[in-house]
Amino acid sequence: MRYQTGGSILAGKVALERGWAINIGGGFHHCSSKSGGGFCPYADITLLITFLFNYYSQVVRTAMIVDLDAHQGNGYERDFKDNEKVYILDVYNEGIYPFDKEAKESIRLKVELQHHTKDAEYLREVKRGLRIALSEFQPDIIVYNAGTDILEGDPLGGLSVSEMGIIQRDTLVFNFARHNKIPIVMLTSGGYQKRTAKIIANSIINLKEKGLINVPFEKY
Ligand SMILES: [Zn+2]
């Protein structure tokens with residue numbers, strides 16, 4: 001998990017160089033700078049964004065977190081409370097962990113889903129959320145927390161999105177980033193079924209085939 005945390009920070013740096021980066025790990029969104037929780041021992045999202053604000057302050061003044069893991073991302077939400085430079089879009093199942101009401105106050109655009117939400121509704125909500133978020137805020141970088149615990153049958157996520165739904169979701173987010181010329185860092189976050197590993201691999205292959213990651217973004 002320390003390597004994964006280092007990977008998230010490195011991915012931020014790489015995304016500034018070529019427009020995109022994917023860390024096959026990280027996305028410990030329940031950990032804040034003060035305390036861990038929900039399998040998350042290091043606050044890699046906070047560290048990644050703080051690193052870019054500190055060391056790349058000329059190019060990164062604002063950040064958007066697009067958190068599409070099935071759970072609310074309460075760790076970094078606590079860290080970026082009242083921080084105008086960080087816009088948080090969080091789409092999650094409201095009926096599962098962590099029920100962190102205080103952290104919810106940091107979410108600029110909140111989409112709360114019900115148990116068993118399926119592809120059509122899920123993708124419609126994600127698309128609507130991205131459209132609104134990017135009309136309200138122009139970030140210098142997007143941190144995409146791409147949890148696969150939205151997959152049907154996940155023992156913790158409670159949602160019912162298919163493999164194809166996950167692939168379409170990732171495509172949607174990368175399309176938005178690329179279309180708006182915003183560098184993007186993807187972190188893989190939660191996912192509690194063995195088959196999610198293959199789905200993540202298939203989704204990355206799909207992003208490559210769609211021309212979204214096989215070349216550097218042109219003048220992102
Ligand atoms: Zn999760």
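Which residues of α6 are buried? The buried residues of α6 are Gly165, Ile166, Ile167, Arg169, Asp170, Thr171, Leu172, Val173, Phe174, Phe176 and Ala177, where buried means under 20% relative accessible area, exposed over 50% and partly exposed in between (1.4 Å probe, protein chains only). The structure is a predicted model, in which local features need pLDDT of at least 70 and side-chain atom pairs count only at pLDDT 80 or more, while totals for chains, interfaces and linings use all residues. Residues are numbered from 1 along each chain as its sequence is written, and side-chain values use heavy atoms, with hydrogens and water left out.

**Annotated span**

- UniProt, in an unreviewed entry, lists residues 3-204 as "domain: Histone deacetylase"; positions follow the numbering used here, feature names are shortened, and annotations may be inferred rather than shown by experiment.
- Residues 3-204 are 41% helix and 15% strand, and the end C-alpha atoms of this span lie 21 Å apart.
- Helices (H or I, at least four residues) and strands (E, at least two) are DSSP runs, numbered from the N terminus.

**Sheet**

- An open sheet is formed by six strands in the order β1-β6-β5-β2-β3-β4, with parallel pairing; two strands pair if DSSP finds at least two bridges between them.
- β1 (20-23) and β4 stand at the edges with a single partner strand each, so one side of each has no neighbour in the sheet.
- From one strand to the next, the twist averages 10°; axes are lines fitted to C-alpha atoms, for helices over the stretch in contact, and angles run from 0 to 180 degrees between N-to-C directions.
- Five bridges join β3 and β4 in the parallel sense, and Asp90 has Lys110 in β4 as its bridge partner.

**Helices**

- Helix α2 (residues 44-55) lies across β2 (63-67), β3, β5 (141-145) and β6 (184-187), and runs at about 170° to β5; contact means heavy atoms within 4.5 Å.
- Helix α6 (residues 163-179) has 17 residues and reaches 24 Å from its first C-alpha to its last, close to the 24 Å expected at 1.5 Å a residue; the expected span is 1.5 Å times one less than the number of residues.
- The cover over the buried residues of α6 includes β1, α5, β5, β6 and α7 (196-209).

**Salt bridges**

- The whole structure contains six salt bridges, each being a side-chain nitrogen of Lys or Arg within 4 Å of a carboxyl oxygen of Asp or Glu.
- Arg78 and Glu102 form one of them, at 3.7 Å from N to O. This pair links distant parts of the chain, with Arg78 in helix α3 (residues 74-79) and Glu102 in helix α4 (residues 101-104), 24 residues apart.
- Arg78 is partly exposed at 38% relative accessibility, and Glu102 is partly exposed at 45%.
- Glu105 and Lys81 form a salt bridge at 3.5 Å, N to O. Here too, distant parts of the chain are linked: Glu105 is in the loop between α4 and β4 (109-113), and Lys81 is in the loop between α3 and β3 (86-93), 24 residues apart.
- Glu105 is exposed at 58% relative accessibility, whereas Lys81 is partly exposed at 35%.
- In the salt bridge of Glu125 with Arg128, the closest N and O atoms are 2.9 Å apart. Both residues lie in helix α5 (residues 119-136), three residues apart, about one turn of the helix.
- Glu125 is buried at 17% relative accessible area, whereas Arg128 is partly exposed at 39%.
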